[in-house]
2 protein chains.
Amino acid sequence: MSLLTVGSVAFDALETPFGKTDKIIGGAATYITLSASYFTNKNNLVAVVGDDFPQEMIDILKNRGVDTAGLEIRQGEKTFFWSGKYHNDMNTRDTVEVHLNVMGDFNPVIPDQYGDCEFLMLGNTAPAIQKQVIERLPNRPKLIVLDTMNFWMDSAWDDLMEVIKLVDVITINDEEARQLSGQYSLVKAAAAIQAMGPETVIIKKGEHGALLFHGTSIFFAPALPLEEVFDPTGAGDTFAGGFIGYLASTGNVSFNDMKRGIIYGSAMASFCVEKFGAERLFNLTPDEINERVARFVQLSTFEIA
Amino acid sequence: MSLLTVGSVAFDALETPFGKTDKIIGGAATYITLSASYFTNKNNLVAVVGDDFPQEMIDILKNRGVDTAGLEIRQGEKTFFWSGKYHNDMNTRDTVEVHLNVMGDFNPVIPDQYGDCEFLMLGNTAPAIQKQVIERLPNRPKLIVLDTMNFWMDSAWDDLMEVIKLVDVITINDEEARQLSGQYSLVKAAAAIQAMGPETVIIKKGEHGALLFHGTSIFFAPALPLEEVFDPTGAGDTFAGGFIGYLASTGNVSFNDMKRGIIYGSAMASFCVEKFGAERLFNLTPDEINERVARFVQLSTFEIA
């Protein structure tokens with residue numbers, strides 16, 4: 001079934017203990033659609049860039065089967081830019097520069113041919129814009145997944161409460177789940193967030209894996225223990241893209257499908273961190289993905305006699 | 001098969017955000033033997049207390065089938081005492097007071113009838129004492145598990161390197177694994193620790209679960225997501241006790257048995273944190289333990305089509 005992703009397509013400049021980059025392709029929607037592209041070929045993108053955004057980067061998305069008809073290129077304006085520097089533990093980072101540029105007044109226009117999308121991924125952006133997207137679709141998708149971050153809790157709480165009511169799934173990291181709910185226990189936090197709207201809450205814990213709260217059921221997926229994490233940028237978006245991409249490929253949204261989706265998302269995230277930016281997501285093979293998923297099976301499987 | 005545990009039996013005084021206790025029964029060997037008592041009835045203890053240690057606390061151990069013939073009661077001396085205060089996140093704590101008392105010159109005497117023990121659990125204490133225990137046993141046990149902590153890395157590095165060479169399994173938390181190995185990546189840390197001696201490295205990550213490195217294989221067990229963690233004291237020792245107690249009950253030490261052992265250990269630890277001190281371990285039923293293990297199965301199980 002078809003997937004629509006709305007969010008940022010951007011330039012990032014990154015510095016980690018392993019090195020630094022100039023401007024490379026980044027943005028939540030970039031990671032999401034690249035990751036989802038390994039599961040679904042109906043992969044639609046709504047985003048905005050400036051005229052400084054190179055065609056070869058758009059071609060990378062197109063080559064992965066992403067429909068870029070909804071990617072607005074605004075003449076005379078510049079693409080959203082973020083630069084950040086990771087601390088030695090790779091778990092924390094400082095934002096060095098942010099230039100919103102075209103994202104400052106992002107007005108998501110949904111091409112007619114995207115109107116019947118059944119899976120909607122709202123990448124991290126202003127909650128008011130996320131809500132607009134839902135309102136502008138002629139039919140309510142079968143599954144709406146929302147990503148957000150602490151910045152919007154601090155600056156757009158009321159808007160966030162409006163959009164959170166309308167979605168089926170929220171993906172959020174552990175600290176953000178605590179901030180959103182006011183609860184330290186993640187079990188209590190998930191219940192409080194479910195009461196805000198979404199039946200399903202996915203709490204991303206980075207190197208500590210991810211928790212899926214679906215109704216009253218809980219599933220836990222580990223992160224793959226890695227020798228090196230080269231660059232964590234985009235890992236959460238890559239996870240979300242693998243999750244919703246897998247669900248869109250099956251058309252099902254049962255708890256068991258969501259569990260599989262989380263494993264596929266975790267596998268995709270484990271690739272993402274192996275190179276700078278989104279590069280590792282440009283040319284994966286099905287064999288590589290299947291081998292990675294098999295490692296999750298080995299990592300998690302036990303039998304109680 | 002028979003299990004021998006060597007380590008501290010102590011008084012603890014605890015303060016958490018949920019309340020505080022006077023002197024209650026504590027100590028690594030207390031938690032280990034109580035936890036193991038649900039799996040094996042050949043459960044031998046070597047430890048030392050002072051004459052201030054109440055008979056009713058010894059009776060609690062005896063009632064759980066622990067053989068206390070190796071529990072030395074030193075007249076005119078006092079029991080090891082530790083008091084600590086947990087921070088609001090329950091992940092960090094400050095030591096308020098430590099009085100080594102009888103532990104200052106602990107000289108482990110192993111009763112003849114313990115000599116043929118097949119599973120040896122060296123609870124956290126001075127590495128030189130842990131080594132003495134191995135040397136004093138007439139036969140090398142089938143499996144030796146060592147627990148240690150950062151204090152001994154700082155104060156008794158050479159002794160620690162001597163005993164670590166002699167053991168099969170080490171249990172250690174993530175920060176300690178990083179300190180011991182000088183590696184940030186837990187995959188690299190485990191490999192470096194394996195090179196020091198133990199074929200099997202178990203890294204305890206508290207609320208984030210536990211990693212089992214066995215040769216080149218890796219298994220991950222989640223921690224049970226809990227609404228409240230009331231008091232984390234002893235959770236790591238309870239985990240180790242469930243692990244080695246389960247293995248002693250089967251007599252097997254294969255990777256698959258160790259995986260099951262880690263799940264049982266995690267289940268026991270999830271009880272431990274529900275009440276102050278070791279209280280929750282006094283009177284569990286097999287049904288309670290089986291129900292808890294079933295929750296781990298639910299939490300971890302997925303099927304890739």
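**Group meeting: a predicted two-chain model**

Gly241(A) counts as buried, at 0% relative accessibility. Buried here means under 20% relative accessible area, exposed means over 50%, and partly exposed is in between, with a 1.4 Å probe and protein chains only. Gly241(A) sits in helix 8 of chain A, residues 235-250. Helices (H or I, at least four residues) and strands (E, at least two) are DSSP runs, numbered from the N terminus. What does Gly241(A) touch, leaving aside neighbours within four places in sequence? Ile32(A), Ser35(A) and Ala36(A). Contact means heavy atoms within 4.5 Å. Arg295(A) is 54 residues from Gly241(A) in sequence and 20 Å away in space, C-alpha to C-alpha.

Now the ground rules. This is a predicted model: local features need pLDDT of at least 70, side-chain atom pairs count only at pLDDT 80 or more, and totals for chains, interfaces and linings use all residues. Residues are numbered from 1 along each chain as its sequence is written, chains are lettered from A and ligands numbered from 1 in the order in which they are written, and side-chain values use heavy atoms, with hydrogens and water left out.

Next, the record. An unreviewed UniProt entry annotates residues 21-279 of chain A as "domain: Carbohydrate kinase PfkB". UniProt positions are in the numbering used here, feature names are shortened, and annotations may be inferred rather than shown by experiment. Over residues 21-279, chain A is 36% helix and 24% strand. The end C-alpha atoms of that stretch are 12 Å apart.

On to symmetry. Chain B superposes on chain A by a rotation of 180° with 0.0 Å of shift along the axis, RMSD 0.0 Å. The two copies are therefore related as by a two-fold rotation axis. In chain B, the C-alpha nearest the axis belongs to His208(B), at 3.0 Å.

How many salt bridges cross the interface of chain B and chain A? The rule finds 4. It asks for a side-chain nitrogen of Lys or Arg within 4 Å of a carboxyl oxygen of Asp or Glu. Arg178(A) and Glu207(B) form a salt bridge through their side chains, 3.8 Å, N to O.

Finally, helix 6 of chain B. Of the 8 residues in helix 6 (residues 174-181), 6 are buried, so helix 6 is largely enclosed by the rest of the structure. Among the buried ones are Asp174(B), Arg178(B) and Leu180(B). The cover includes helix 4 (150-155), helix 7 (186-194) and strand 12 (200-204) of chain B. Asn173(B) caps the N-terminal end of helix 6, with a side-chain oxygen 3.1 Å from the backbone nitrogen of Glu175(B). Just after helix 6, Gly182(B) takes a positive phi of about 70°.

One last residue. Arg74(B) lies in strand 6 of chain B, residues 66-74. Arg74(B) is buried, at 12% relative accessible area.

Definitions and conventions: Least-squares fit on C-alpha atoms with pLDDT ≥ 70 in both. Polar contact = N/O pair within 3.5 Å; in protein donor to acceptor, adjacent residues only side chain to side chain.
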